[in-house]
Amino acid sequence: MLLRPEHRTKLDETNDTDFYSLPRFVTHVDEGFIDRLTQLYREELTPNTRILDLMSSWVSHLPDDMEFDHVEGHGMNYEELAKNPQLDSYFVQNLNKNPQLPLKDNDFDAVTIAVSVQYLQYPEAILAEIYRILKPGGKVIISFSNRMFYQKAIAIWRDNSENGRVELVKKYFQSLSGFSTPRVLASQSSVPSFLQMLGLAGGDPFYAVIVEKII
Ligand SMILES: C[S@@+](CC[C@H](N)C(=O)[O-])C[C@H]1O[C@@H](n2cnc3c(N)ncnc32)[C@H](O)[C@@H]1O
């Protein structure tokens with residue numbers, strides 16, 4: 001087993017549904033991060049395909065100048081998802097309680113998870129589901145920075161370095177068969193960490209791990 005039970009614990013073990021019951025119409029990373037992510041989506045996603053934005057909110061960061069056949073959203077708060085103009089439809093589900101996605105096999109061209117993977121207590125189960133719903137050749141793009149709701153991130157994420165988190169996400173994929181070798185994009189912050197903590201713009205490091213479903 002990739003993660004031991006103590007790796008999956010959270011400081012706040014109350015139900016995630018309660019934590020997300022009120023909408024948060026904020027962005028969780030700075031403009032530089034978001035621009036970089038949107039550019040990555042522009043390069044990696046294909047127009048007129050089917051996208052699942054897993055662990056979404058009122059924003060999906062998809063390029064406004066790209067048309068998709070369908071963008072399905074998933075999240076924890078209906079009000080946030082209802083306000084997201086990029087979603088064609090959406091559902092709410094606590095993936096730490098129920099990892100089974102209510103979606104058909106081999107039906108999506110790409111799955112995105114933006115700044116949220118640290119909240120998954122059973123990432124292997126979720127990636128197995130993502131594998132099931134992706135078409136052969138379909139892509140997964142997981143992006144993250146160093147910000148988080150600390151009390152809701154799993155212990156192994158909280159206690160890791162930024163490089164350690166990249167390795168962890170790679171291992172999540174490598175623990176399952178059928179995904180390609182992960183590709184990593186990484187830019188550490190150019191701003192010293194004490195200035196990052198003060199919220200200086202442009203300081204959020206950018207990490208993305210990208211894989212394809214190969215078989
Ligand atoms: C920091 S927000 C990021 C939202 C969005 N992807 C973005 O880029 O703004 C974290 C998101 O993780 C998702 N999330 C957190 N805990 C979850 C859980 N137990 N089950 C499913 N999704 C969860 C929710 O959709 C929540 O909005």
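# A tour from the ligand shell to the central sheet

Begin by selecting the shell around the ligand, whose residues divide into eight nonpolar, seven polar and one charged. Here Ala, Val, Leu, Ile, Met, Phe, Trp, Tyr, Cys and Pro are counted as nonpolar, Asp, Glu, Lys and Arg as charged, and the others, including Gly, as polar. The ligand is surrounded by 16 residues, the closest being Asp16, Gly75, Leu95, Ala114 and Ser116; a residue belongs to such surroundings if its C-beta atom, placed from the backbone, lies within 6 Å of the molecule.

The model is predicted: local features need pLDDT of at least 70 and side-chain atom pairs count only at pLDDT 80 or more, whereas totals for chains, interfaces and linings use all residues. For selections, residues are numbered from 1 along each chain as its sequence is written.

## The sheet

Next, display the strands. Helices (H or I, at least four residues) and strands (E, at least two) are DSSP runs, numbered from the N terminus. Seven strands form an open sheet of mixed pairing, in the order β3-β2-β1-β4-β5-β7-β6. The edges are β3 (89-92) and β6 (183-187); each has a single partner strand, so one side of each lacks a neighbour in the sheet. On average, neighbouring strands of this sheet are turned by 15° against each other, direction ignored. Strands are called paired if DSSP finds at least two bridges between them.

Now select β1, residues 50-54. Four bridges join β1 to β4 (residues 108-114), and the two run parallel. On the β4 side, Ile51 has Ala110 as its bridge partner, and Asp53 stands opposite Thr112. β1 also pairs with β2 in the parallel sense, over four bridges, and there the partner of Asp53 is Gly73. Strand β1 is mostly covered, with four of its five residues buried. A residue is buried if 20 or more other C-beta atoms (placed from the backbone) lie within 10 Å of its own, exposed if 12 or fewer do, and partly exposed in between.

Move on to β4. Six of its seven residues are buried, so β4 is largely enclosed by the rest of the structure. Six bridges join β4 to β5, and these strands run parallel; Phe108 has Leu134 in β5 as its bridge partner.

## Val71 in β2

Select Val71, which lies in strand β2. Val71 is buried, with 22 other C-beta atoms within 10 Å. Leaving aside neighbours within four places in sequence, Val71 is in contact with Ile51, Asp53, Ser60, Leu62, Gln86, Leu87 and Asp88. Contact requires that the C-beta atoms of two residues, placed from the backbone, lie within 7 Å. From C-alpha to C-alpha, Val71 and Ser60 are 9.6 Å apart, with a separation of 11 residues in sequence.

## The helices and the core

The buried residues of α4 are Pro123, Ile126, Leu127, Ile130, Tyr131 and Ile133; they pack against β1, β4, β5 and α6. Then turn to helix α6 (residues 162-174), which lies across β5, β6 and β7 (206-212) and runs at about 15° to β7.

The largest nonpolar core has 45 residues, and those with the most contacts inside it are Phe108, Val111, Ile130 and Ile142. At least two residues of this core come from each of α2 (31-44), β1, β4, α4, β5, α6 and β7. A nonpolar core is a set of buried Ala, Val, Leu, Ile, Met, Phe, Trp, Tyr and Cys residues joined through C-beta atoms within 7 Å. Centre the view on Val111: not counting residues up to four places away in sequence, Val111 touches Leu52, Leu54, Ile130, Leu134 and Val140.

## Two loop residues with positive phi

Most residues other than glycine have a negative phi. Select His61, in the loop between β1 and β2 (70-75): although not a glycine, His61 has a positive phi of about 65°. His61 is buried, with 22 other C-beta atoms within 10 Å. Finish at Asn106, in the loop between β3 and β4. Asn106, also not a glycine, has a positive phi of about 50°. With 12 C-beta neighbours inside 10 Å, Asn106 counts as exposed.

Technical notes:
Axes are lines fitted to C-alpha atoms, for helices over the stretch in contact, and angles run from 0 to 180 degrees between N-to-C directions.
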